[in-house]
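Colleague: I am new to this structure and would like to go through it with you. Could we begin with its pockets?

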Amino acid sequence: MPERNEYYLMEYLNGKYVLSVAHDSMFMEEYLSKDKYSLHYGEKANTQRISFESLEHIDNFYKDRQLSFYPNLIVARKSVYNRLKQLVEEKLNAIKSGEIHIQNFDSVWDIPGDVLTYYKVEEEFQCTRDNEYGEIDFWVEEAIFKGDNDKDVSVSFGDIKEAFGLGIESIEDICRIKQKYGSIRVVLEQ
């Protein structure tokens, strides 16, 4: 909303659609890890934002506030919430159905085993390379990693492929998700 110098960010978090409003863009702060953000943009600013988990939350937040400076603010916030929720819901359903990908495994990796190099887990998957081109030509289907509290976490090659497709960036994140939920795909349901 340019006239109010506002940026909106709609996220699907833990089964809820959360609309955040701030005077600075929030997307890259949320999308990139802290290290990657610092590398490209410097230190993260502590962006002040208001977040709403529902239309009722918008009503309750503004219930006792004077809105004479922008009398239609509640209507505008609700309209943005509904519009962005619908867009995010459509994209989430398209990802779940395989219609779209966050990262398309088949388009990125001509040699499937290269994804193991991306996650730096060649040793754990006992990769071997061919003599002619040095490409990964063998890996075991499953490897064991140390998760939280030093507990073993079994990660399959299928888990690695799925994690890549969902944009999960590190083996540590994969292990954390597997340990907590038992499956990578479950992050789409959370």
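Modeller: The largest pocket is lined by 33 residues, and those nearest its centre are Tyr 12, Leu 13, Tyr 31, Ile 102 and Leu 166. On a 1 Å grid over the protein atoms alone, a pocket is an open set of points where a 1.4 Å probe fits, with protein on both sides within 12 Å along at least five of seven lines; lining residues have an atom within 4 Å of a point.

Colleague: Which elements give two or more residues to that lining?

Modeller: They are strand S1 (7–13), helix H1 (27–31), helix H4 (73–97) and helix H8 (171–181). Helices (H or I, at least four residues) and strands (E, at least two) are DSSP runs, numbered from the N terminus.

Colleague: Before we go on, what kind of model is this?

Modeller: This is a predicted model, in which local features need pLDDT of at least 70 and side-chain atom pairs count only at pLDDT 80 or more, while totals for chains, interfaces and linings use all residues. Residues are numbered from 1 along each chain as its sequence is written, and side-chain values use heavy atoms, with hydrogens and water left out.

Colleague: Back to the largest pocket: what is its volume?

Modeller: Its volume is about 1500 Å³, where a volume is the space filled by probe spheres set on grid points that are joined across faces, edges and corners. The lining has 19 nonpolar, six polar and eight charged residues. Ala, Val, Leu, Ile, Met, Phe, Trp, Tyr, Cys and Pro count as nonpolar, Asp, Glu, Lys and Arg as charged, and the others, Gly among them, as polar.

Colleague: And how much space lies in the second largest pocket?

Modeller: The second largest pocket holds about 230 Å³. It is lined by 14 residues, and His 101, Lys 161, Glu 162, Gly 165 and Leu 166 are the closest to its centre. Helix H7 (157–165) gives the largest share of this lining, three residues. Five of the lining residues are nonpolar, five polar and four charged.

Colleague: Changing topic, how many aromatic pairs are there?

Modeller: The whole structure has eleven aromatic pairs; rings of Phe, Tyr and Trp (its six-membered ring) pair if their centres lie within 6.5 Å, and planes under 30 degrees apart count as stacked, over 60 as edge-to-face and the rest as tilted. Phe 105 and Phe 164 form an edge-to-face pair, at 6.3 Å centre to centre with 80° between the planes. Phe 105 lies in helix H5 and Phe 164 in helix H7, so this pair ties together parts that are 59 residues apart in sequence.

Colleague: What about the strands: how many bridges join S1 to S2?

Modeller: Seven bridges join these antiparallel strands; two strands pair if DSSP finds at least two bridges between them. Tyr 8 stands opposite Val 21 in S2, and the bridge partner of Val 21 in S3 is Ile 50. S2 and strand S3 (residues 49–52) are also antiparallel, with four bridges.

Colleague: Why is S2 described as largely enclosed?

Modeller: Six of the seven residues of strand S2 (residues 16–22) are buried, so the rest of the structure largely encloses it.

Methods:
Buried means under 20% relative accessible area, exposed over 50%, partly exposed in between (1.4 Å probe, protein chains only).
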